[in-house]
Each structure stands twice: as structure tokens, then as C-alpha cells.
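Trainee: I've got a structure open and I'd like to learn how to read its helix packing and its sheets. Can we go through it together?

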Amino acid sequence: MKKTFLFIGLFTAALASIKAQSTAEIPVYLDDKQPLELRVQDALKRMTLEEKTRLSYAQGKFSSPGCPRLGIPELWMSDGPHGVRAEINWNDWGYSGWTNDSCTAFPALTCLAASWNPSLAAEYGKAIGEEARYRKKDVLLGPGVNIYRTPLNGRNFEYLGEDPYLASEMCVPYIQGVQENGVAACVKHYALNNQELWRGHIDVQVSDRALYEIYLPAFKAAVQRGGAWSIMGAYNKVRGTHATHHKLLNNEILKGEWGFDGCVITDWGAAHDTYEAAMYGLDIEMGSYTNGLTSESEFGYDDYYLGKNYLKMVKEGKIPMEVVNDKAARVLRLIFRTSMNRRKPFGSMTNEAHELVAYRIATEGIVLLKNEARKKEMPLLPLSPDGYKKVLVVGDNATRNLMQGGGSSELKVKKFISPLDGLKKYFGDRIVYAQGYAAGRPMYGQEEKIPQIVTDSLRNDAVEKAAQADLVVFVGGLNKNHFQDCEGGDRLAYGLPFGQDELIEELLKVNKNLVVVIVSGNAVEMPWVKAVPSIVQSWYLGSIGGDALADVLTGKVSPSGKLPFSYPVRLEDCPAHFYGEMSYPGDSIKVEYKDDILVGYRWYDTRKIKPLFPFGYGLSYTTYKYSKPVLSSRQMKAGETLSVSVKVKNTGTVAGKETVQLYIGDEKSSLLRPQKELKGFRKILLQPGEEKDVTFTVTPEDLKFFDDSRHEWVVEPGKFKAYVSSSSSDVHNAVEFEYR
Ligand code: BGC
């Protein structure tokens, strides 16, 4: 009897408690139906000073804590930007050895830029965001949008080329795609991280004009149009101060002028001072004092600059509470948008849909640089699979897993189709392979020395086999070793490494049917350019790259990539190098951007220096005819727009995609301006014989330059030209109009 009463009593109490719980109000910060700012303020009200400051530094190599007492979750981050990196140990840079962390490798961002296809950028972002989400990551460390200033920069392959307009158009949909998944993009490396040599301390001197016109627009677009939730501060200094805690870059421009409400996260180990970090815009500190890139030490996470010393300075009144609240609010916003977002999708990983996205970006990014017919013969490309009895594929990059190495963008992939695998699908056992040259292993901070005897025997073997083949496909270029396309160092020379130039010359002597495929994320010198009939620029193409390359080489897909940067003939022609060592790489303390606003084609056009291959250039297996462009008006006034229309026709026999480019040039201005600048582009699919209309809208914004002396964008009345082009050098027509 007693027991029954006890049971009923307990049951009633339990019911009452459940009822109380269900009717109790959900705290505002936990209620995702409430406006974001209300939730942030509510959470802040409930947090102690210690809890607020604890949000701002790491708890492990790739995570930062939330607020455990209040049930506010951690943030988990991952590289980025070409796939979701394998799991890394809690406290050092070693891989954790999980068996469920292989990803889909998407093509490098250079390849995405070369596709000139923003809708592919959206698919890229969505797919990589789904993989990040599936792997329970809250912040994906990418995309990289630093401007390509010199072909020696070891990290150009992770960026979107030399032009701020192209980089902006391509990064915005990528970011939106990632963030649709409740995963934050972390746009890097803000700002002026344009070289890897001395990246931790080199002090960039740049004019305001070059900053605003060239180096910042992609970051601005990422924040304002892409709505990026986080941004990564760079390692380098800018005008004397480390970029990651920088008053001008963070407080005045990013959070001031652009109204950024998200988090500035350090690059790993990029913070250097508590007061500066606190006051100059850093919100989350990662990677300080742990081993790997910085140095091994006994310091714990609380010893970070934004750790106990920050708390102490706040308590001493040296750092105002508004600063603490603002930082904590930014981290909370990031958490609410990502790890604490209950409405986000679940994501997915390594599926066919993602492979298809990777494949399509790869096929659209590959650039056909040259395809010349010899005498009365047809050009070598597209290759006819039945046309050859014996095909020699030469080169280390035909088989090498190029997802390995390169630094933080390294990926562990589930699937990897090499160029050799791809070509075998067409040529089967008619393919012979020779490595041709030894390319060493990826080693951090050094180059592997290869004995001469190895180099000689690989070369001899390839040349002998080439003499007996009907066709030779050379797949070489750079790789992800240190001093190649790799973080933490720049290339040592513009030419191809590992004796490839000599090898190409030797191959040519014994076989003229030579297709050269360069795999790289950078321009390379091509001393053999006149002698080689067909040249293809392939990038780091990701998991399905081999199929994409083979499909383009054989004509299943007509090439439609266009270069996202110019190829100088010689390094000295490149603007960063033209002005001598202080302009690149600097004297190890400082680098002066003497090239100023004349970066890439802006330089070659204005100074009339012929590049080896211009920005925006790429051939196809078909041909296009451009009509004369039509302007909606010859005059434009403030607040008005005008349109430029052109008809483009496919005059060849196969379908193809053409990227129509619009550049604008100011005929006369009070300050030096580039001859012309990219202001629009459109990629269109045309069947044989098909013609399409392409219309661009030109606004006064497109005519402006940044006047440092007035600190504003200015348009000066006068004559302008609209250039309709298929590259920065191949102008089909230019039409003049006047701005009044
Ligand atoms: C790189 C970043 C990267 C970070 C984390 C740094 O060395 O510069 O791009 O996201 O490491 O791996």
C-alpha cells in the first residue's frame, strides 16, 4: 500500500515537472525564432566576463569553445578551400588517422576562376559545404581571394587570379553555397598576403589606391555580397602592423566601411600582441604557441594573446568592456549561424553528385593555350582515340596524387582518377607510360635532391619510348612540393623544375606529335612554346581530374577555360618584378608594391608589353564570330546606365562555351589609369551555327577610380571606351561613349 502511494506520488511529481519544463520559457538565446541580435544580447547578459573572453581563443588545433555552462556549442573549423581536410590531432599538426574522413577533392580555386562560370562557383560552394556539414564542421577555411601578383607566389593555386572583378564574381556564389549549409566560409587571407616568402613578417607598403582598386574588392564583395560570416587575418604585416590585428584593415575598413558583423579569425599563429589583438579587430585566435608552423612550446591555450593576459588587461581597465562585448557578440553570432543552427541541412559526403560537380568544374577550367596545325595536317587536338597505335604518356604529373602536399589545402581523397587513368579509358593498352623526370616527395621546408643518374635514366627511357610512339602526351608542370605550388615558400624560378624543359626539347627531337599538358596553379616559362604544336593548361583538377582532362583532350568536351592571370614571357616583364627586388620579394623586412594599380593585364596593356598568353585567353575546338557591339546610348549621366550588346555566333562544327568579356577604359583622366579593366563577362553555350545576344549593363560605378587624396571613388566626365573581347588582348570591337 505504502509502495503504491509512493509510486503515485513520484509519478505526479514527474508529470508536474515535465509540464513545468514544457511551459517554461525558452531563454531567448536558445530560441532560434527570435531575431539574431536579441539572442546575442540575451546570451551576453547571462555570461561572466571569463566566459565572454574564453570565446576568443582556441581550445585545440581546430576548435574554439562555446560556453558549456549555457549549452552554447563549440566551433569546429577545417581547411579548405578545395575539400574538407582530414582530421587533425587535438594539439599538434599530425593527422588523427581516422578512417571516415576522406573527401571529394574539388579543383583548385585557380581552376574555378578559369571556368569563368559563377554558377559553377555556386555548385562548388554548395557541394563543399555539404561535405563540411557532414563532417560536422562549422567553419570552412576558404575561399582564398588574394590577388595574383607574381607567378612565384607559392599559394596562387588557392586563389582566384589577378583581377579583382573576376575574383569577386567567383567568390560570392562560392560563399553563399557554403553558408546555405549552416557552415561559415572564412575568407582568406585578409589582406595583402601575396607572397609566401617571409610571410610571417614581411611588411607590405602599398598605396591606398592599389589597396582599394586591386587588393580589397574581392574581400569587400565576399563580405557585402557574399555575406561571409568570417574572415581570416593574414600572417604578413601591412604598413608596420600585423594584418590579423590591424586598425585600418579590421576596425576602419572591414568592420567600419563595410559593416562586417562576423568574426575575424587569425591565420594559425598570426597573432602577436594582446593589446593589439584586443583593440584592432581580432575576434578568435587560433594556432598560437603550438607546434608545427609556429613553434613547439609548453604554453597552453590560456597563454594565447587573447587568453589570460587579455582577461587581466580587461580587469585592469586597459581594455574597455565594449571591446569585450563586441568580440563576444561576434563569436556568438558565428555560433548561432553555424554550430547552434538547428535548421541547417545534414550534408553529405563523397557522393556522385559531388564528383560530378568536381568533374564539371575541371572540364570548364582547363585552358587550351595552343593547337596549331602543321603544314596541311589537322591540329593534334582533339585526339582521335582510333588514330594512334601507340601513345606515350610522359611525366610525373600523369600519375601523381596532387591532392597531397601544398600545405594546409592538402586532402585525403576517397577517389582519385589520374590523367593516365583517364587517357587509358580512351586508348586502353595502346598506352605506354614513362615517368620522364623525378619530381621528389613533398617535404616541409626543403627540396629533395635527386641524384643525376636517376634523372638521366628517366629521361633516356622516355625519349627512347617517344621515338617509337605515334603520339606523345607530356603531363608535367609544377607539383605540391615545397618551393613549387606550396604554402610557406615561393617558387625559386619561373621555369619548369626537374629538368622538364630539356626533356620537352628532347622529346620534340624524336617526335613532333607532342601535346604538352602543364599541371600547375601558376604561370610557367615556356621556352619551347613555338616548337610544341599543342599546349594545354590544366590545373590541380581534384578527384575526377583525369577523366576531365581526357575528355577535353579527346574532344568529348570542347575546352572553354580562360586564363585567370597573364603569363609573362619572362619574369622581368611581370610588374611586381619589373621594379626590382624591393618590389618583390622585398628585403625580408619590407616589400614595396611599386607596380601599384598596374597588376596583371592592367600592366601589360598599359605598358604595351606582350605577354606570352594574356588574361582571359583560351582556345576552343570551335570558332566564334562577334558582331559589332551596339550601345544603347552614346552618353551617360550620373545615375544613368547604358547597355552594350553583342551577338556571338558559333561558326565551327562542334558545340562550345565562349566567355564574352567586357572591359572599360577611360580615355583621359587626371590620374594614371589602366588602359582598360574588366567590368563584365558572360559564359554562353553555343551549338554549331547558333548565335546568341549578350548584353552588359554599364553603370557609373564601372567608370570610377579610387582617388587617394579624397579617399573616395570618383568618375571624371569625358570619353570612355567599352571593349568587347575574348581575352584582355583579343578585342573584337571597342565602342566609345561619353560620361557627362
Ligand atoms: C594557412 C591557412 C590555413 C591554416 C590552418 C595556415 O598555415 O595559412 O590558410 O587555413 O594554416 O591550417
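Predicted model: local features only at pLDDT ≥ 70, side-chain atom pairs only at ≥ 80, totals over all residues.

Trainee: Fine. How do I describe two helices that pack together?

Mentor: Two packed helices are described by the angle between their axes and the distance between the axes. Take helix H13 (residues 352-365) and helix H17 (residues 545-553): their axes are 8 Å apart, at an angle of about 40°.

Trainee: What do we call the way H13 and H17 lie to each other?

Mentor: That angle therefore makes H13 and H17 oblique to each other. As for handedness, the crossing of H13 past H17 is right-handed.

Trainee: Which residues of H13 and H17 meet?

Mentor: On the H13 side you have Tyr359, Ala362 and Thr363, and they meet Asp547, Ala548, Asp551 and Val552 of H17. Sorted by class, the residues in this contact of H13 with H17 are four nonpolar, one polar and two charged.

Trainee: Now the sheets. What holds strands together?

Mentor: Strands of a sheet pair through backbone hydrogen bonds, either parallel or antiparallel. In this model, six strands make an open sheet with mixed pairing, and you read across it as S10-S15-S14-S13-S11-S12.

Trainee: Which are the edge strands?

Mentor: Strand S10 (367-371) and strand S12 (431-434), since each pairs on one side only. From one strand to the next, the twist averages 15°. S10 runs antiparallel to strand S15 (residues 534-538), and four bridges join the two. If you want a pair to click on, lysine 370 is opposite isoleucine 535 in S15.

Trainee: And which helix packs on this sheet?

Mentor: Helix H14 (residues 419-427), which touches strand S11 (391-394), S12 and strand S13 (471-477). The direction of H14 makes about 160° with that of S12.

Trainee: What about further along the chain?

Mentor: Lysine 625 sits opposite lysine 649 in S20. Strand S18 (residues 630-631) is also antiparallel to S20, with two bridges between them. There, valine 630 has serine 645 of S20 as its bridge partner.

Trainee: How many bridges does S20 make with strand S23 (residues 691-698)?

Mentor: Eight, again in the antiparallel sense.

Trainee: Which strands make up the open sheet of five?

Mentor: The order is S19-S27-S26-S21-S22, and the pairing is mixed. Its edges are strand S19 (635-636) and strand S22 (677-686), each pairing on one side only. S22 is joined to strand S21 (residues 656-666) by nine bridges, and these two run antiparallel. To find your place there, look for valine 660, whose bridge partner in S22 is arginine 682.

Technical notes
Residues numbered from 1 in each chain as written. Heavy atoms only, no water. Axes fitted to C-alpha atoms, helices over the stretch in contact; angles between N-to-C directions. Parallel < 35°, antiparallel > 145°, perpendicular 65-115°, else oblique. Left-handed = near helix turned anticlockwise from the far one by under 90°. Contact = heavy atoms within 4.5 Å. Nonpolar A, V, L, I, M, F, W, Y, C, P; charged D, E, K, R; others polar. Pairing = 2+ DSSP bridges.
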